[in-house]
Amino acid sequence: MKDFRLKQAQHLLKKSAVNSEGDFKLKAPNSANINVKIFEHIFKDLIAAEDFIYSSLPKHQLSEEEAGEFTKFLISARNNIDSILTDFNVIEKTEEKIDMSKLTENILFITSKNNFKKLLKKLGVDVQRIIVASVPLDVMDIKEINPKIPESALKGIETRVKHIHNDINRKKNSLNPEKIIVLAENDLNGQLLGKRAEEYYDAIIYLNDNLKDLNDNELIEIIENN
């Protein structure tokens, strides 16, 4: 996945260099709101890039691998700067479509509802990489969700829990994912799912109050920042 992101960054840099020639012009800015979140990412990228100034002393010579990391941060900052300039209509920018299937080819997603599975599929994730955990990963967690649940119902839930664990382990063995990411709502169900997935599978947890509104840019950010 790292190689894919580096190739993509190189492609964007080449494309940007081509677009910077010829008829490229800056326009007078329009009124707009500053996207503070993107602005913060610019600073983080530039600070990360700045670290190479000190680590490469005294000649500031970078190896090929270091150069890839250094320019990755600069390209990310540049793209975010372009995004803000686009918001203010200073430049026109054509978004580069990311192959989400390729980006997530080494990830296994665990989510709590079929609706979220459909959302991930719509964003371009291969359905084979999505598991729906409709019950907790520990049968005793159901008592925390529903303290009044009768003991007679726990046996059926225990069977469903085993099926989910079998499905996860089967996918781990067949797909060999680099990451397991839990995407769920920030409620008790999601919190318990995340807790157990982290405990059993060393999963990365992402809980959101409005997960149904997740878009491709947010999914990319989750993947790249974890």
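Q: How do I class F39: buried, partly exposed or exposed?
A: Buried means under 20%, and exposed means over 50%. At 39%, F39 counts as partly exposed. Keep in mind that this is a predicted model.

Q: Where does F39 lie, and which residues form a patch with F39?
A: F39 lies in helix α2, residues 36-55.

Q: How do α2 and α3 pack?
A: Two packed helices are described by the angle between their axes and the distance between the axes. Here the partners are α2 and helix α3, residues 64-87. The angle is about 155 degrees, and the axes are 9 Å apart. An angle over 145 counts as roughly antiparallel, so α2 and α3 are roughly antiparallel to each other. The crossing of α2 past α3 is left-handed.

Q: What lies in the loop between α2 and α3?
A: P58 is found there. Check its peptide bond. The bond joining L57 and P58 is cis, with omega about 5 degrees.

Q: How many salt bridges does the structure hold?
A: The structure holds 10 salt bridges. Start in α3. E69 pairs with K72, and the closest N and O atoms are 3.2 Å apart. The two residues are 3 residues apart in helix α3, so about one helical turn separates them. E69 is partly exposed at 25% relative accessibility. K72 is also partly exposed, at 36%.

Q: Which residue forms a salt bridge with E151?
A: The partner is K143. Their closest N and O atoms are 2.9 Å apart. E151 has a relative accessible area of 54%, so E151 is exposed. K143, at 30%, counts as partly exposed.

Q: Which is R196, buried or exposed?
A: R196 is buried, with a relative accessible area of 14%. R196 forms a salt bridge with E199, with the closest N and O atoms 3.0 Å apart. Both lie in helix α8, residues 188-201. The spacing is 3 residues, about one turn of the helix. E199 is partly exposed, at 48% relative accessibility. Now look for shared partners.

Q: What is the phi of N89?
A: N89 has a positive phi of about 65 degrees, yet N89 is not a glycine. N89 sits in the loop between α3 and α4, the latter being residues 100-103. Its relative accessibility is 27%, so N89 counts as partly exposed.

Q: Where is N176 found, and what is its phi?
A: N176 is found in the loop between α7, residues 151-175, and β3, residues 179-185. Its phi is near 50 degrees, a positive value in a residue other than glycine. At 59% relative accessibility, N176 counts as exposed.

Terms used. Residues are numbered from 1 along each chain as its sequence is written. This is a predicted model: local features need pLDDT of at least 70, side-chain atom pairs count only at pLDDT 80 or more; totals for chains, interfaces and linings use all residues. Side-chain values use heavy atoms; hydrogens and water are left out. Helices (H or I, at least four residues) and strands (E, at least two) are DSSP runs, numbered from the N terminus. Buried means under 20% relative accessible area, exposed over 50%, partly exposed in between (1.4 Å probe, protein chains only). Axes are lines fitted to C-alpha atoms, for helices over the stretch in contact, and angles run from 0 to 180 degrees between N-to-C directions. Angles under 35 degrees count as roughly parallel, over 145 as roughly antiparallel, 65 to 115 as roughly perpendicular and the rest as oblique. A crossing is left-handed if the near helix is turned anticlockwise from the far one by less than a right angle, and right-handed if clockwise. A salt bridge is a side-chain nitrogen of Lys or Arg within 4 Å of a carboxyl oxygen of Asp or Glu.
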